[in-house]
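Q: I'd like to learn how to read a model like this one, feature by feature. Can we take it slowly?

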Amino acid sequence: MDAAEDAGYICDSASLADGGKGVRFTVQRYGVAEPAFVVRFDGKVYGFLNRCAHVPVELDWQEGEFFDHSRLYLICAVHGALYDPQSGRCLGGRCNGRGLVPVPVMERDGRVFHEPSPSTTAQVIPQVSSL
């Protein structure tokens, strides 16, 4: 693994169960540290900024808990807005059609990485729980 891959490393693939707990991390976006998360849904990994489209609050109701009780939708713990876990599209609630901001991620060789884009850099800082 080269230095660029090391910088974009988020977690091991085994850390993400389908519809289960997500992994929080921080990404540099336009030069500002932003909270983000990655989840697995329908066998694939998806990343988003950890910010509700309604008001700028983090989605998880407990650290890493982004899915609703059905494990089919991402939910904002504050307002109950529902989002599609594949696209981040608003499906209902106070998000009024505004979706989550995607963070490009990829899975390779049993590991999950942030993919740099024009708006984000690969300076990922995993958030390790103290629990």
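A: Buried means under 20% relative accessible area, exposed over 50%, and partly exposed in between (1.4 Å probe, protein chains only). Strands (E, at least two residues) and helices (H or I, at least four) are DSSP runs, numbered from the N terminus. Keep in mind that this is a predicted model, where local features need pLDDT of at least 70, side-chain atom pairs count only at pLDDT 80 or more, and totals for chains, interfaces and linings use all residues. Residues are numbered from 1 along each chain as its sequence is written, and side-chain values use heavy atoms, with hydrogens and water left out.

Q: Which strand does β4 run antiparallel to, and how many bridges join them?
A: Two strands pair if DSSP finds at least two bridges between them. Here β3 and β4 are antiparallel, joined by six bridges; for instance, V39 has Y46 in β4 as its bridge partner. The two strands make a hairpin with two residues between them, and D42 in the turn has a positive phi of about 55°.

Q: What is the largest nonpolar core built from?
A: In soluble globular proteins, nonpolar side chains tend to be buried together. A nonpolar core is a set of buried Ala, Val, Leu, Ile, Met, Phe, Trp, Tyr and Cys residues joined through side-chain atoms within 4.5 Å. The largest one in this model has 17 residues, and F37, L59, L74, Y83 and L100 have the most contacts inside it. The elements giving two or more residues to this core are β3 (32-41) and β4 (44-49), with β3 giving the most, three residues. Apart from this core lies another, of 13 residues, including V23, A36, L49 and V103.

Q: Which residues does L74 touch?
A: Contact means heavy atoms within 4.5 Å. Leaving out residues up to four places away in sequence, the partners of L74 include F37, V39, F48, Y83 and L100.

Q: Is D60 buried or exposed?
A: D60 counts as buried, at 11% relative accessibility, and is found in the loop between β4 and β5 (74-75).

Q: What does the side chain of D60 make a polar contact with?
A: A polar contact is a pair of N or O atoms within 3.5 Å; within protein, one must be able to donate a hydrogen and the other to accept it, and residues adjacent in sequence count only if both atoms are side-chain atoms. The D60 side chain makes one with the side chain of R24 (2.8 Å). A polar atom of the D60 side chain also lies 3.0 Å from the backbone nitrogen of G64.
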